Amino acid sequence: MNILIHFLFNILFGEIFRFKWEEILLIGLGGVIIDLDHILYQFFIVKNRTIKQMWEWHKRESKINRPHYYVFHYLEIMLIITILGYFFNWYLFLIFLGFILHWIVDAIMYINYYKSLNPWIKYYSLIGTITR
């Protein structure tokens, strides 16, 4: 999904719920930095080394509906860190709230585009990954 859409959705969420401007920026940042795991995956697993290679690979994989394991997208990890952040570190909470909002937008996009969360949902669950 488009990074700008994730950022703007998260900013809008922060505005609607009346967060302070610096908190809104952290929520927006969380909606963007979660996708660093896509770059890490391609760099270390796929061995793509240029932005062009990564972009072309991403377009091919998206068309054939083939998901991959992206560590920052595991819902259980996001929920645990968000809850811990809420109690122990407000800034960490805001960043991971941005992660969760990103995940929700991804889910909506998958349902809209692919008409289902399958097979994607299995790849966004640490439990689903372990039990595969």
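The model is predicted, so local features need pLDDT of at least 70, side-chain atom pairs count only at pLDDT 80 or more, and totals for chains, interfaces and linings use all residues. Residues are numbered from 1 along each chain as its sequence is written, and side-chain values use heavy atoms, with hydrogens and water left out.

**Exercise 1. The salt bridge**

Find which residue forms a salt bridge with Glu56.

Solution. 
- Start with the rule. A salt bridge is a side-chain nitrogen of Lys or Arg within 4 Å of a carboxyl oxygen of Asp or Glu.
- Side chains of opposite charge can pair when their charged atoms come close.
- Check the distance. The closest N and O atoms of Glu56 and Lys59 are 3.4 Å apart, and the two form a salt bridge.
- Count the bridges. The structure holds one.
- Glu56 and Lys59 are three residues apart in helix 4 (residues 51-63), so about one helical turn separates them. Helices are DSSP runs (H or I, at least four residues), numbered from the N terminus.
- Judge the exposure. Buried means under 20% relative accessible area, exposed over 50%, and partly exposed in between (1.4 Å probe, protein chains only). Glu56 has 31%, so Glu56 is partly exposed. Lys59 has 34%, so Lys59 is partly exposed too.

**Exercise 2. The nonpolar patch**

Work out which helix supplies the largest share of the nonpolar patch.

Solution. 
- Start with the rule. Patches are made of residues with over 30% relative accessible area and no salt bridge; nonpolar side chains (Val, Leu, Ile, Met, Phe, Trp, Tyr) are joined within 5 Å, like charges within 9 Å.
- List some members. Among them are Leu79, Ile83, Phe87, Trp90 and Tyr91.
- Together the patch residues have about 1000 Å² of accessible area, by the Shrake-Rupley method with a 1.4 Å probe, where only the protein chains shown count as cover for residues.
- Assign the helices. Helix 5 (75-88) and helix 6 (90-114) each supply at least two residues. Helix 5 gives the largest share, seven residues.
- Look at one member. Tyr91 lies in helix 6. Its relative accessibility is 52%, so Tyr91 counts as exposed.
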